[in-house]
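Hello,

Here is the structure I promised to pass on. Please open it alongside this email; my notes follow below.

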Amino acid sequence: MKRIFVTLFLFFTVTFWTLAQVAGVVIDAKTRKPMEFVNVYYDNGRGFGCFTDEKGRFILKEDSTWRELTISTMGYEKQVLHLSPFGKNKNLYVRLKQEGSTLKEVTVTTRRTKYSRKNNPAVELMKRVIAHKRTNDLHSKDFFSYTSYEKMTMSINDVTDRIFEMEEGKKWAFLKDHIERHPQTDKLILPLTVDEQLSHTFYRKNPKTEKELIKAKSSKGVNELINTGEILTTLLKDCFTDVNIYDEECRLLQLHFKSPIANSAISFYRYYIQDTIAIAPKDSAIIVGFTPNNQMDIGFTGQLVIHKDSTWQVLRSELYIPKQANVNFIESITINQDYDELPSGDRVCMTNDMLVELKVASWLSQMLVQRTVRNFDYTFDEIEPNVFKRIKGTTYQEPDATMHTEDSYWQQYRKEQLTEAESQMGGLLSSITSMKGFKPVIFVAKALISNYIETSDSTDTNKFDIGPINTMISHNHYDKWRFRLSGYSTANLNPHWFFGGYLAYGTHSKKLYGQGEIVYSINRKAYLTREFPKNNIHLSYRRDVTAPFEKFVHTDKDNMFLALKASDVDQYNLISEWKLMWDREWYNGAKATLRFTRTNMKPVDKLFYQPLGSDAAVSASGDISSLQEAPEKYITGINLTEFYASASFEPGATFINTKQRRIKINKDAPIFSVSHTLGVKGFLGGNYNYNVSEAGIYKRFYVPAGWGYTDFDIKAGIQWNKVPFPLLIHPAANQSYILEDFTFNLIANYEFLNDRYVQLMWQWDLCGKILNRIPLIKKLKWREHIGVNVLWGTLTDRNNPVKSGFNDSDLFYFPGHFIQNEDGVVSYENNTVIMDPKTPYVELRVGVHNIFKLFHVEYVRRLTYKNNPGTHKNGIRFMFRVMF
């Protein structure tokens, strides 16, 4: 019972009872050959079944409440099996007999042979459906609009009364009042959250624009205990989103599934005519079943009901995910869509239901997510341009959308009433929170999940967060052990004014560091300053040690998991920086940032600033090994005064806000960015004039036929002025063993310094396309990943110490190390290698992810510049990444 107490706040309570499997083979009773694509399903569990594979095999999970299994296919007599006692149905042997008659106008192949697209009536039928797809798609209209009511419920699945009979379960007896039987699965469930939404969708063909206006939202249930910024609701909606079969690719579970009526679907799916049905006295429809060629590929299996007339419209679609598919955590998923006829003759999706059974781990209870959508009030009238102008971005939520909490408001839009348990979310929440000892558990849960400690019992009233927790203890070469305490105010203190910062202490350096920040948000915030859209003004002061690579790592610099470095990092800058910044976001995906900083940089640890022209003995080849340590010639620091401006455009991006950072959950959107940095000499003590211009493009592309997706990230930049090395452009290098997207994994600290660069980072996630076809290995459901990172860089003569003969005092000696040999002779080894403009730096990445559904491991190897000092030719990198 302790397990329930610990996992309820994570929405995974009640002990999971491992289900046995029903497995067997279906053959033709006459030919004794295996039969492919036979329907095997529970008669009292509609939608829960599978198709047999090419060897006639099927596997289903066994349920103690469903004891009749139906086996059927076109042209054969249907069989209903009465299953043996629970757990003893793993070797079923089913022989189907051919029917004595066949349906008119439908060719039925009674002898199950190898699938062929040639002379296949199902394929010919689907070609007609695909050819008429554009006409039947609503997006062929000049305008359309409709209203949607959506309800999403998350429940604990397959609850048993046995748990409440245990001694420790008696204190949970109140849960019995909230348990109900699900009408589709016939299982007992415990609803935990109920989210409702009312929205209007508007579309115009020219210019092509589709926008959603959210009129009302309501969220009730235990997600209120630990949810900040609607994290759970946003994730559920992004994973279990609308599936439109008229699209080429259907986005679901943050993956892309090939539509069964996509233009390229014929080569991806196998189609079978299963039946014809009468839909009117003189009208009929054809039922077509389909399944991916390889059921481990990311695709649907299911049925389409096709109108047998000249329109070839889809009347109904039933979509499932094959049990063997390389998709994590999904036990079953069912999507039912009904396309009803309007008075205009158009068929539109009125009903769009989704039912998902989830199992994260065998020791956690199963979850059930049900999404119910009803679309109504379709119109095709012309829509005024002002409607599209008023709706900012692709999706816009009206300011008072969350104010509609009264049940009377929702009653007028609900097409299906809430169940008794769904309507009692408030009582469930009250009962849970009043339990003795529950508050400490929630306190710990919030800290572990959000990485912050709240200073109040409720998130709704919490005014200050302490954290991030994972930065309290860290380690680096200069400070050795480092202790830090951080905190930030929330919108509960003030929805416009925020403050925060940290204090840190290095045990070896014996230095005290810190940062203080004040933020004014022009937009009223619900909890965090980073909530979309941002329109914030920041004023901050920071004093801390930094390394060049830290700005490329998208986590806090003191994250304890980044303390273990893959290469030596012993050259740091101690900075003291004032910053004034304004950042603004728009609903269409545009973003702008203006920033002013005044910084003092001092080299610490093994880094030093020494102007050229010292007493070093320099050979004709530019060898500076005789350079000696001369602290009296070092510059103690430099002052920088700079202005920065950037703009980016990321249409369609979706984010969730955690307390630590913003996470982008939809990576399909392209990103275009430009920036310029201007350094001003003489203003507020600035020592240098400099100008740095950079631009970048990111885009994800999906590879046809289920070959996964590729990401391209291209950046380029120029430093226009003559500057010492701290102001040159350092590559986006990651010195940690933890992988970071779009960083170089093997470039060392200060290895390359350029004033011109172009970088290309390309990665391809094949989503298991190859590994899924290798016997035994395919059972692991691993997914292959390859990539390449390329850097073209150059250093112009004005910034090259060698070209200046080491006599230009405006430049510094490049970073390096003084090394003493066995004879006591000290020599200087330069860290920095000047890149050959004709030879790019290239590193190859080959990896496997989805290991235990959690780990991503990569092997990285340099292909060029393999002998640079202080570098590694290859390495292993890893990361934790959970995905469907």
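The largest nonpolar core holds 75 residues. Bear in mind that this is a predicted model. Phe240, Leu252, Leu253, Phe257, Tyr271, Phe300 and Phe884 have the most contacts inside the core. Helix 2 (residues 121–131) gives the largest share of this core, with six residues. In soluble globular proteins, nonpolar side chains tend to be buried together.

Take Leu252 next. Residues up to four places away in sequence aside, Leu252 touches Cys239, Phe240, Thr241, Val243, Phe257, Phe300, Ile321, Ile333, Ile335 and Met354. Two of the names on that list, Phe240 and Phe257, are also among the core residues with the most contacts.

Now the aromatic rings. The count comes to 35 aromatic pairs. Tyr609 and Phe725 make one of them: the ring centres are 5.7 Å apart and the planes stand at 80°, so the pair is edge-to-face. That angle is over the 60 degrees needed for the label. This pair links distant parts of the chain, 116 residues apart. Tyr609 is in the loop between strand 30 (590–605) and strand 31 (638–649). Phe725 is in the loop between strand 36 (709–719) and strand 37 (756–765). Tyr609 is buried, at 0% relative accessibility. Phe725 is buried too, with a relative accessible area of 2%.

Phe701 and Phe712 also pair edge-to-face, at 5.9 Å centre to centre with 75° between the planes. Phe701 belongs to strand 35 (residues 690–702) and Phe712 to strand 36, eleven residues apart.

Two charges over rings deserve a look. Lys141 lies over the face of Phe380, 5.2 Å from the ring centre. The charged end of Arg484 sits over the ring of Tyr502, 4.1 Å from its centre.

Last, Thr209. This residue is in strand 11 (residues 209–221). Thr209 counts as buried because its relative accessible area is 15%, and the cut-off is under 20%. Where does its side chain reach? The side chain of Thr209 reaches the backbone oxygen of Pro207, at 2.9 Å. Neighbours within four places in sequence aside, Thr209 is in contact with Phe202, Tyr203, Arg204 and Phe388.

Best wishes

Technical notes: Residues are numbered from 1 along each chain as its sequence is written. This is a predicted model: local features need pLDDT of at least 70, side-chain atom pairs count only at pLDDT 80 or more; totals for chains, interfaces and linings use all residues. Side-chain values use heavy atoms; hydrogens and water are left out. Helices (H or I, at least four residues) and strands (E, at least two) are DSSP runs, numbered from the N terminus. Buried means under 20% relative accessible area, exposed over 50%, partly exposed in between (1.4 Å probe, protein chains only). A polar contact is a pair of N or O atoms within 3.5 Å; within protein, one must be able to donate a hydrogen and the other to accept it, and residues adjacent in sequence count only if both atoms are side-chain atoms. Contact means heavy atoms within 4.5 Å. A nonpolar core is a set of buried Ala, Val, Leu, Ile, Met, Phe, Trp, Tyr and Cys residues joined through side-chain atoms within 4.5 Å. Rings of Phe, Tyr and Trp (its six-membered ring) pair if their centres lie within 6.5 Å; planes under 30 degrees apart count as stacked, over 60 as edge-to-face and the rest as tilted. A charge sits over a ring if NZ of Lys or CZ of Arg is within 6 Å of the ring centre and within 35 degrees of the ring normal.
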